[in-house]
Amino acid sequence: HAKPEHDDYHNLNSSNQSEGTLPGLGTKPRGDTAPDSGLDQAGLERLRRLALSMATLSCKDEKRKVIVKNGAIPALVRLSRHHDRQTQVSCAKAFNNLSNEQRFRGAMIRDGGVAA
């Protein structure tokens, strides 16, 4: 499996990934910059698939807790800063799905989901 040329997030296949993080996104946004600088088409497609996967997983009650525990909210905040509309729409769907559960709303506010 080839390592991506441009990987603004961290290596998606990182073997030293810490617990509580989603692959490729870590747990905290890196400042206010949008994460799209320097991405090639393959990198953009990876971000779109990640955002769509988060939206899909957040539809399922049994998956919400798991993805939130593993850093979904900060990851979605970072993804939502991307200038690609398709990525932003998938992030909005995921935030909407997560906000259906009261227990995740505080984390969404704390981690910047409301501003995203």
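## Burial and overall fold

Buried residues make up 40% of the 116 residues in the protein chain. Buried means under 20% relative accessible area, exposed means over 50%, and partly exposed covers the range in between, with a 1.4 Å probe and protein chains only. This is a predicted model: local features need pLDDT of at least 70, side-chain atom pairs count only at pLDDT 80 or more, and totals for chains, interfaces and linings use all residues. Residues are numbered from 1 along each chain as its sequence is written, and side-chain values use heavy atoms, with hydrogens and water left out.

The protein chain has five helices and zero strands. Its pattern along the sequence is α-α-α-α-α. Helices (H or I, at least four residues) and strands (E, at least two) are DSSP runs, numbered from the N terminus. Take contacts between residues at least 6 apart in sequence: 65% of them join residues at least 24 apart. Contact means heavy atoms within 4.5 Å.

## Helix H3, the covered element

Helix H3 spans 72-80. It is mostly covered: nine of its nine residues are buried. They are Ala72, Ile73, Pro74, Ala75, Leu76, Val77, Arg78, Leu79 and Ser80. The cover includes H1, helix H2 (61-69), H4 and helix H5 (102-110).

## H1 against H3

Helix H1 takes in residues 41-57, and its axis comes within 11 Å of the axis of H3, crossing at roughly 135 degrees. H1 is therefore oblique to H3. Axes are lines fitted to C-alpha atoms, for helices over the stretch in contact, and angles run from 0 to 180 degrees between N-to-C directions. Angles under 35 degrees count as roughly parallel, over 145 as roughly antiparallel, 65 to 115 as roughly perpendicular and the rest as oblique.

The crossing of H1 and H3 is left-handed. That term applies if the near helix is turned anticlockwise from the far one by less than a right angle; clockwise gives right-handed. On the H1 side, Leu47, Leu50, Ala51 and Met54 meet Ala72, Ala75, Leu76 and Leu79 of H3. The residues of this contact divide into eight nonpolar, no polar and no charged. Ala, Val, Leu, Ile, Met, Phe, Trp, Tyr, Cys and Pro count as nonpolar, Asp, Glu, Lys and Arg as charged, and the others, Gly among them, as polar. An α-helix has 3.6 residues a turn, so residues three or four places apart point the same way.

## H4 and its partners

The axes of H3 and H4 come within 9 Å and cross at roughly 150 degrees. H3 and H4 are therefore roughly antiparallel to each other. The crossing of H3 with H4 is left-handed. H3 contributes Ile73, Leu76, Val77, Leu79 and Ser80, while H4 contributes Thr87, Gln88, Cys91, Ala94, Phe95 and Leu98. By class, the contact of H3 with H4 holds eight nonpolar, three polar and no charged residues.

H4 also meets H5. Their axes come within 8 Å and cross at roughly 130 degrees. This makes H4 oblique to H5. Phe95, Leu98 and Ser99 of H4 meet Phe104, Arg105 and Met108 of H5. Here the classes are four nonpolar, one polar and one charged.

His82 sits in the loop between helix H3 (72-80) and helix H4 (85-99). His82 counts as buried because its relative accessibility is 4%. A polar atom of its side chain lies 2.9 Å from the backbone nitrogen of Asp84. His82 and Leu44 are 38 residues apart in sequence, yet their C-alpha atoms are 9.5 Å apart in space.

Arg48 belongs to helix H1. It counts as buried, at 18% relative accessibility. The side chain of Arg48 makes a polar contact with the side chain of Gln86 (3.5 Å). A polar contact is a pair of N or O atoms within 3.5 Å; within protein, one must be able to donate a hydrogen and the other to accept it, and residues adjacent in sequence count only if both atoms are side-chain atoms. Leaving out residues up to four places away in sequence, Arg48 touches Gln41, Asp84, Gln86 and Thr87. Ser90, in helix H4, is buried with a relative accessible area of 8%. Beyond its neighbours within four places in sequence, Ser90 contacts Ala51, Leu52 and Ala55.
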